[in-house]
Amino acid sequence: MTELATTPFDDANADIALRSAEGVHFRVAKAILVHSSPFFRDMLSLPQPSTSASPSSGNREDFDGIPVVPVSESKLTLDTLLRICYPILSPEVRDLLVIRDVLAAALKYDMELPTFEMRKALQTPELRGSSKALAIFAICHSHKLEEDARRAISDSLKGPFMGTHDPLPFIDRLSGGTYFKLLDYHRQVSSTVVKMFEQCDSLPVVQDAYHCTECQTECEDSHCTPSCRSYDHESALWWRRYLGKAIPIVRVQPLSDEIFSPSFTEPLFVTAKACEECWNEFHAKWTAVETSLKSERDRIVTTVKLNLDDAKEQRLPPYVSLLDTNKWRISMYNVPTYPTAPFDNPEADLIVRSLSGDDFRVMRAILAESSPTFRDKLSSSSPKSSPSSEYAPATPQGPPMMRLALSSKLLDTVLRICYPIPSPEIYDFNAIDEILGASAKYNIEVVASEMTKVLRNSMKIGSAEELPSITLSVYAIAYRHKLWATVHIAARQTLHGPFLQTYEPAMERINAAALHRLIIYRQRVSEKVVNVFSENDNGCKKPRSPPFIDSYVSCRECQPRCCSAHGTPGAARWWQAFRSFAKEKVVDAPLFDIFSPAQMETICAIATSCSTCSKKFQSNWNSTMIALKHERDRLISEVKLDLPSNSTGHS
């Protein structure tokens, strides 16, 4: 039974029906549709075909005696769209997925009112927070609503770049390059705002307000920044503490107003009240200082520029330097003419013609074994052919011919990989990308397997400086061609060093969702590994380390008591130094070699300066190092790269 939409789209007097993707029929008034959409007005003004009950007849399809227009939108999207157009109460839409789909349909059908309503919905207070800003930007940018997109970018600065709302359903149409530009813009703004707060004592209104001769003591706040401790401390103690707490927040949320909220400033005012001079100044000038800080912050944010022009897909650099190898000369991009041996064999029983019109003479059996697609083409070929057909039978003048939509360069490489001869050496990511595309198109597993090996090997031969770029290229190409096992390997490889520091052409090879998944993976790994080297939250100096080395890294001589609450010895000086160094490195590079000889020489010198540590360090360090590596690898293995739900494959 045919499903009918709910009121008012079940009107028996309607003169046209729209059928949703699920097959639900919406009976609507043609007059409303025509006035709401120039698209439908133009379509319905065309001469209509004769009536038919079957869409396969080629005539007009009817439903209960009125013409049917099938559309690709879901019933929820179509229902919302039509209710906005009808002279009835419009629905309040706050679901971003619904807004996305209705906005896309409204723009598709050139509907002004639904477009306006959906843009207005994106500006409601419920959606204007930073948590959903990235998703809203993606919706607006994909439809070239640049004013709305810029507003979303500004909102994103009020919170962490990632926000708390899952952007994955929305960013698959953004390029990885656009995503990186947003991430880098957020980092630049954060850096600029942090610098402003670190130097805000130079602002006239601040300079006049919070200098205090009674508070010239070193800041004892554990949150106080190094820059704070380097001040001459003529400024008030409570003000230094305010900056020490505010700067870590704006480092992540550059336009956050949390630092001006009563709940944030009230505890600090207690400190001000303890000093009569500070308290008098605060009452007189805090409002002016707050206004000045906000104004200066907003001004300097405008000095950071963001270029959102979509970048075209660029050629990727080779992963070995031309100066380092002569093998480049035999790559697929340096063969002057085609075909070359062995594809010029006059005894071959099949001709494969490229897009360029070059004829490669090959052995039919080899192609049939290499690809089920080729096998089917060759076995089901019709004796009839035309100049445009993919297959032409044998003639007295020569063997049968198969046309493939591949350039001569690409076809030559694919055939060489299929043939029982040495495969060509490929040093160009652009070539690998094209070859994988050809292997997917014609289902040539041996080619996909060979290119997978090339991709993985490329991450083993680059220099340390080139490795981040190489690894991102491998990740992008593997992700693009659904080589999920290789995607996992490349993702783990990124953990060896800092990542996404600069723009890379490979970012244009994948969508933003792929880059977002990689960033989230790295963040989760980093959090787990950093935790191994973190201090105790309560300030206790008892070693916070894996249980298997607790006793080894404690030292009563270095740290007699971990804290006032416990009588146990604290962490040895060498362990504190090693932990501090390791934590700093693994934040950006969880697999950084923190056990390098140069660093261990420094740690060893600290350990040997203590008679107690010296004995334990020399006898236990090697086993401790192995244990820490195993613990690090175990923690990393617990974190899984979040891939699309259909990512069940090999390679």
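1. Ground rules. The model is predicted, so local features need pLDDT of at least 70 and side-chain atom pairs count only at pLDDT 80 or more, while totals for chains, interfaces and linings use all residues. Residues are numbered from 1 along each chain as its sequence is written, and side-chain values use heavy atoms, with hydrogens and water left out.

2. Helices H22 and H23. H22 covers residues 573–586 and H23 covers residues 597–608. (Helices are DSSP runs of H or I with at least four residues, strands are runs of E with at least two, and both are numbered from the N terminus.) The two helices pack at about 155°, with axes 8 Å apart. That angle makes H22 roughly antiparallel to H23. (Under 35 degrees counts as roughly parallel, over 145 as roughly antiparallel, 65 to 115 as roughly perpendicular, and the rest as oblique. Axes are lines fitted to C-alpha atoms, for helices over the stretch in contact, and angles run from 0 to 180 degrees between N-to-C directions.)

3. What touches what there. From H22 come Arg573, Trp574, Ala577, Phe578 and Phe581; they meet Gln599, Met600, Ile603, Ile606 and Ala607 of H23. (Contact means heavy atoms within 4.5 Å.) By type, the contact residues are eight nonpolar, one polar and one charged. (Nonpolar: Ala, Val, Leu, Ile, Met, Phe, Trp, Tyr, Cys and Pro; charged: Asp, Glu, Lys and Arg; polar: the others, Gly among them.)

4. Helices H4 and H6. H4 (residues 96–108) and H6 (residues 133–142) pack at about 10°, with axes 10 Å apart. They are therefore roughly parallel. Leu96, Arg100 and Leu103 in H4 meet Ala135, Ile136 and Ile139 in H6. This contact has five nonpolar residues, no polar ones and one charged.

5. Aromatic pairs. The count is 25. (Rings of Phe, Tyr and Trp, the last by its six-membered ring, pair if their centres lie within 6.5 Å; planes under 30 degrees apart are stacked, over 60 edge-to-face, and the rest tilted.) One of them joins tyrosine 479 and tryptophan 484, edge-to-face, at 5.2 Å centre to centre and 85° between the planes. Both residues are buried. (Buried means under 20% relative accessible area, exposed over 50%, and partly exposed in between, with a 1.4 Å probe and protein chains only.)

6. Back to H22. Phenylalanine 578 and tryptophan 621 have ring centres 5.5 Å apart and planes at 80°, so this pair is edge-to-face. Phenylalanine 578 sits in H22 and tryptophan 621 in H24 (residues 611–638), so the pair ties together parts 43 residues apart in sequence. Phenylalanine 578 is buried at 0% relative accessibility. Tryptophan 621 is buried too, at 7%. Both belong to a cluster linked by ring pairs, together with Phe533, Trp574, Trp575, Phe595 and Phe617.

7. Backbone spots to check. Most residues other than glycine have a negative phi, and most peptide bonds are trans. Aspartate 64 has a positive phi of about 55°. Aspartate 64 lies in the loop between strands E4 (60–63) and E5 (66–70), and is exposed at 62%. Asparagine 443 also has a positive phi of about 55°. Its loop runs between helices H17 (429–442) and H18 (445–461), and asparagine 443 is partly exposed at 39%.

8. Cis bonds. The bond from threonine 7 to proline 8 is cis, with omega near 10°. Proline 8 comes in the segment before strand E1 (16–19). Alanine 341 and proline 342 are also joined by a cis bond, with omega about 10°. Proline 342 is in the loop between helix H13 (276–301) and strand E6 (350–353).
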